[in-house]
Amino acid sequence: MSITDKTKNKIIDYIVDKGHLIMGEPSNVKTSCWEITCVVCGESNQVCVNNLTVIVNNFGDITCSNCKFNKKVEKFLARSNMQLVDDYCEMRQAWIGCKYCGLCYDYSGDYQDNFKCYCRLTIKQTEHKLYKWLS
């Protein structure tokens, strides 16, 4: 199914007013995706026209996957007493370290909310020593 030119122009105007940049020629097909560049980080994202219509109707804004991951990392660090190591947080991967022992982990967004380092788990102290030796 396709969208009308009026709806297409409404979506384009709304996206441009929010400060985003549309790359290429936008399609009229509802199931197709438009390539939209994020205002904050400059990363390009594919967003489906159906989703764009919902965003426009609800007066929302587009959140790119990179910005979404960065917010997720910040929340995770605050909840689990971890810190970013060398400010490395790219390509939906972050190198995080424990504030207490300095042991580092590769975070890709799939850890549980109440993640604890091996140094804070009493029954895993032998694994902590092994993991620290291996890292």
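Which residue in β3 does W34 stand opposite? That residue is V47. This is a predicted model, in which local features need pLDDT of at least 70, side-chain atom pairs count only at pLDDT 80 or more, and totals for chains, interfaces and linings use all residues. Residues are numbered from 1 along each chain as its sequence is written, and side-chain values use heavy atoms, leaving out hydrogens and water.

First, the sheet. Its three strands form an open, antiparallel arrangement in the order β1-β2-β3. Strands here are DSSP runs of E with at least two residues, helices are runs of H or I with at least four, and both are numbered from the N terminus. Two strands pair if DSSP finds at least two bridges between them. β1 (21-23) and β3 (44-48) each have a single partner strand, so one side of each has no neighbour in the sheet. Between β2 (residues 33-37) and β3 there are five bridges.

Next, the helices. Helix α1 (residues 5-17) lies across β1 and β2, at about 20° to β2. Helix α2 (residues 49-57) lies across β2 and β3, at about 85° to β3. Contact means heavy atoms within 4.5 Å. The angles, from 0 to 180 degrees, are between N-to-C directions of lines fitted to C-alpha atoms, for helices over the stretch in contact.

Last, the cysteines. How many disulfides are there? The count is zero, with a disulfide taken as a pair of cysteine sulfur atoms within 2.5 Å. For C38, the nearest cysteine sulfur, that of C64, is 3.6 Å away. C38 is buried (under 20% relative accessible area; exposed is over 50%, partly exposed in between; 1.4 Å probe, protein chains only), at 9%.
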